[in-house]
Amino acid sequence: MRMLLIHSDYLEYEVKDKALKSPEPISEEQKKGRLEEVLAVFMSVEKADESNPEEVVEKAVAEIKDVASQVKANRIFVYPFAHLSSELAKPDVALKVLQRIEERLREEGFEVKRAPFGYYKAFRLSCKGHPLAELSRTIVPSGEAVS
Ligand SMILES: Nc1ncnc2c1ncn2[C@@H]1O[C@H](CO)[C@@H](NC(=O)[C@@H](N)CO)[C@H]1O
């Protein structure tokens, strides 16, 4: 799992087109979304994660919690982003991992939005620009090598 974490004044997206034959079904309301004062987390779920998705979910949640507490963010935007890795997990596994991360972050008390999975989306982001505003993390299940 590769994550790019951007502490932002806002992140907003608009769904444009299908990027998969069968993208995640979404409501009219989910076609656009915006959060202010948010930690945006762009995530590529990787092939190696398929060996232990639940472990990757817990490690990702721990990393996101750690960064959120450092930048004092209590809102998280989970953003599926297939451009951080050349060894992507299959879409069905990736979607489940991202849905579970969303669920677990809510359980941890965060306000969470997740951008729709399987679409091309326009987005606008305002990065805050402080020293911890742009971070990346790589997560691998135990027993897997970091490529
Ligand atoms: N392993 C994976 N990890 C994260 N996201 C993944 C994925 N496999 C598929 N997706 C989703 O399907 C769209 C097409 O790849 C992806 N769309 C995007 O990444 C948009 N930024 C448009 O390019 C994404 O929603």
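This is a predicted model: local features need pLDDT of at least 70, side-chain atom pairs count only at pLDDT 80 or more; totals for chains, interfaces and linings use all residues.
Is Glu-24 buried or exposed? Glu-24 counts as buried, because its relative accessibility is 8% and the cut-off for buried is under 20%.

Let me begin with the strands. Strand E1 covers residues 2-18 and strand E2 covers residues 32-44. The two run antiparallel and are joined by 12 bridges. As one example of this pairing, Ser-8 has Val-38 in E2 as its bridge partner. Strand E2 also pairs with strand E3, residues 75-80, this time in the parallel sense and over five bridges. Here Leu-39 has Ile-76 in E3 as its bridge partner. To pass from E2 to E3, the chain goes through helix H1, residues 53-71, and this β-α-β crossover is right-handed.

I now turn to charged side chains. Side chains of opposite charge can pair when their charged atoms come close. In this model, the count comes to 23 salt bridges.

Glu-24 forms a salt bridge with Arg-114, with an N to O distance of 2.7 Å. This pair links distant parts of the chain: Arg-114 belongs to strand E4, residues 111-114, while Glu-24 sits in the loop between E1 and E2, and the two are 90 residues apart. Arg-114 also counts as buried, because its relative accessibility of 14% falls under the 20% cut-off.

The second pair is Arg-34 and Glu-36, whose side chains meet in a salt bridge, again at 2.7 Å from N to O. How exposed are these partners? Arg-34 is partly exposed, with a relative accessible area of 34%, and Glu-36 counts as partly exposed at 41%.

Arg-104 is buried, at 12% relative accessible area, whereas Glu-107 counts as exposed, at 54%. Both residues belong to one network of salt bridges with shared partners, which also includes Glu-54, Glu-58, Lys-65, Arg-100, Glu-103 and Glu-108.

Rolling a probe the size of a water molecule over the atoms shows where empty space is left. The largest pocket has a volume of about 450 Å³. Its lining consists of 21 residues, and those nearest the centre are Pro-80, Phe-81, Ala-82, His-83 and Gly-118. Two or more lining residues come from each of E2, E3, H2 and strand E5, residues 119-127, and E5 gives the most, with four. By class, this lining has 17 nonpolar, three polar and one charged residues.

The second largest pocket has a volume of about 180 Å³. Of its 14 lining residues, Tyr-13, Glu-29, Gln-30, Lys-113 and Arg-114 lie nearest the centre.

Thank you for your attention.

How values were computed:
Residues are numbered from 1 along each chain as its sequence is written. Side-chain values use heavy atoms; hydrogens and water are left out. Two strands pair if DSSP finds at least two bridges between them. A crossover is right-handed if, with the strands pointing away from the viewer, the path from the first strand over the helix to the second runs clockwise. A salt bridge is a side-chain nitrogen of Lys or Arg within 4 Å of a carboxyl oxygen of Asp or Glu. Buried means under 20% relative accessible area, exposed over 50%, partly exposed in between (1.4 Å probe, protein chains only). On a 1 Å grid over the protein atoms alone, a cavity is a set of points where a 1.4 Å probe fits but cannot get out, and a pocket is an open set with protein on both sides within 12 Å along at least five of seven lines; lining residues have an atom within 4 Å of a point. Grid points are joined across faces, edges and corners, and a volume is the space filled by probe spheres set on the points. Ala, Val, Leu, Ile, Met, Phe, Trp, Tyr, Cys and Pro count as nonpolar, Asp, Glu, Lys and Arg as charged, and the others, Gly among them, as polar.
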